[in-house]
Amino acid sequence: MTSGAGDNPAAWERIAELADQCVMCGLCLPHCPTYRVHRCESESPRGRIALAQALARGRLGDPQSAQAPLDHCLGCLSCEGVCPAKVHYGELISSTRALGPPSSKPSALWVRRLAATDWAVRVGGWTHRVWSSLGSPRWFLPGWLAALAVGVPPARSAPTSNLANAGSASGNRWLFTGCAAAAIDQPARSAAAELLAALGISVTTHPHTGCCGQMHRAAGDFDQSQRLAKRLAQRLDESGVTQLLSLGSGCHAQLCRATGGGRVADLGRFLDQLPALKQARFRPLPLRAELHLPCSQRSDVKDTQSWRSLLSRIPQLQLNVINSGPSCCGAAGTHCLEQPETAATLRNELIDGLDPAAELLLTTNPGCAMYLRAGLVQRSSPRRVVHPVQVLAEQLELEPTDE
Ligand code: SF4
Ligand code: SF4
């Protein structure tokens, strides 16, 4: 591993500066999922900051020894949210991992490479079904490869809405599709397109936006992440996209980084501020649901209210919000493949705490949805795991047309 004495001294100096802001109080430790599981300093934010600092100052006898604890970080940023010294942990861990070696986990590396290809759209849906039915992250890669080997029919393209009645539509607005999420997340994307259409908003769900590179960034594969972000920005520019709606909270921050941020809008926030939605009526849904707020929804989108507010418009829906505090379901990009035991512990913790009477689990991150769904399948739970926009679209009461 490169250290402070090696290449890029300015970047290492910045890491040292960020690490110096930590007063080592330890207040973040109880909020760190990996610390809660492993109970050792090197698996805590404070321990990782100390390692980054030692690397930056060239004080670590064996720099390679820092790789595992840094790799194990979920990037949930729960620590950053509670830090009284306002340490920029996200920047610190990203920069430190960027200067270190890429992930040593070949299975996850292959998954990231596959997910970034356009034809991943073709296999994503099948992999999802295989994984969900087998219920274990161990089967994710074999499932994916099996789907490749047997040949997979093209994924059904999400509908493209170019509405004649798009009264409040303006510009060229796209719903972001992404990598394998283009297949995995298709029900949510279709629901979003239908809901927006009913509200008079024209939106295109284009099948070729491509991967944003977030999964690669989270795993420390920064070169590939930047290449994908650049490719995405180029595609959007070439197509004259003026607004990009992000459906999955996990992609939001990377989409902002890739495109400069100005034209990216989180779907929940967008809908919650939409005058047409405030006037819309929803059919009653007399059941209990739980809203899971992924780390990315809290730390990247920085919005824990919009989906609650939107869902509160549905009469008789009893909504309980989980994960409103610092936590992680364990999915964390490809972390659940690289650290399956830690991930399973975190997922079990979350599932154990669910309301047994709730029939729906709502989450805004397709990775979390997939991982939680697999955990529920393992327990033979009939609970549906869906994006909240699907419930909104299903319950929207359409005005009768004149025809
Ligand atoms: S980002 Fe999450 S997993 Fe990583 S150190 Fe902070 S709290 Fe722990
Ligand atoms: S990161 Fe913040 S909360 Fe955690 S030990 Fe350092 S100063 Fe304290």
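Two strands pair if DSSP finds at least two bridges between them. Strand β8 (residues 360-363) and β9 meet this condition, because three bridges join them in the parallel sense. Within this predicted model, Leu360 stands opposite Arg384 in β9.

Helix α22 (residues 388-395) packs on the sheet to which these strands belong. This helix touches β6 (288-292), β8 and β9. The direction of α22 makes about 115° with that of β8.

The sheet itself is open and has four strands. Their order is β7-β6-β8-β9, and the pairing is parallel. Strands β7 (318-322) and β9 (384-386) form the edges. Each of these two pairs on one side only. On average, neighbouring strands are turned by 25° against each other, direction ignored.

Two helices were examined next as a packed pair. Two packed helices are described by the angle between their axes and the distance between the axes. For helix α1 (residues 9-20) and helix α6 (residues 89-99), the angle is about 145°. Their axes lie 10 Å apart. The crossing of α1 and α6 is left-handed. From α1, the contact draws on Ala11, Trp12, Arg14, Ile15, Leu18 and Ala19. From α6, Glu91, Leu92, Ser95, Thr96 and Leu99 take part. By class, the contact of α1 with α6 comprises seven nonpolar, two polar and two charged residues.

The surroundings of two ligands complete the description. Ligand 1 is surrounded by 14 residues. The closest are Cys32, Pro45, Cys73, Cys76 and Cys79. Three helices, α2 (33-38), α3 (45-56) and α5 (78-82), each supply at least two residues of this shell. By class, the shell around ligand 1 holds nine nonpolar, four polar and one charged residues.

Ligand 2 is likewise surrounded by 14 residues. Here the closest are Cys22, Cys25, Cys28, Cys83 and Ala85. Helix α3 gives the largest share of the shell around ligand 2, with three residues. By class, the shell around ligand 2 has twelve nonpolar residues, one polar residue and one charged residue.

Definitions and conventions:
Residues are numbered from 1 along each chain as its sequence is written. Chains are lettered from A and ligands numbered from 1 in the order in which they are written. This is a predicted model: local features need pLDDT of at least 70, side-chain atom pairs count only at pLDDT 80 or more; totals for chains, interfaces and linings use all residues. A residue is near a molecule or strand if its C-beta atom, placed from the backbone, lies within 6 Å of it. Ala, Val, Leu, Ile, Met, Phe, Trp, Tyr, Cys and Pro count as nonpolar, Asp, Glu, Lys and Arg as charged, and the others, Gly among them, as polar. Axes are lines fitted to C-alpha atoms, for helices over the stretch in contact, and angles run from 0 to 180 degrees between N-to-C directions. A crossing is left-handed if the near helix is turned anticlockwise from the far one by less than a right angle, and right-handed if clockwise. Two residues are in contact if their C-beta atoms, placed from the backbone, lie within 7 Å.
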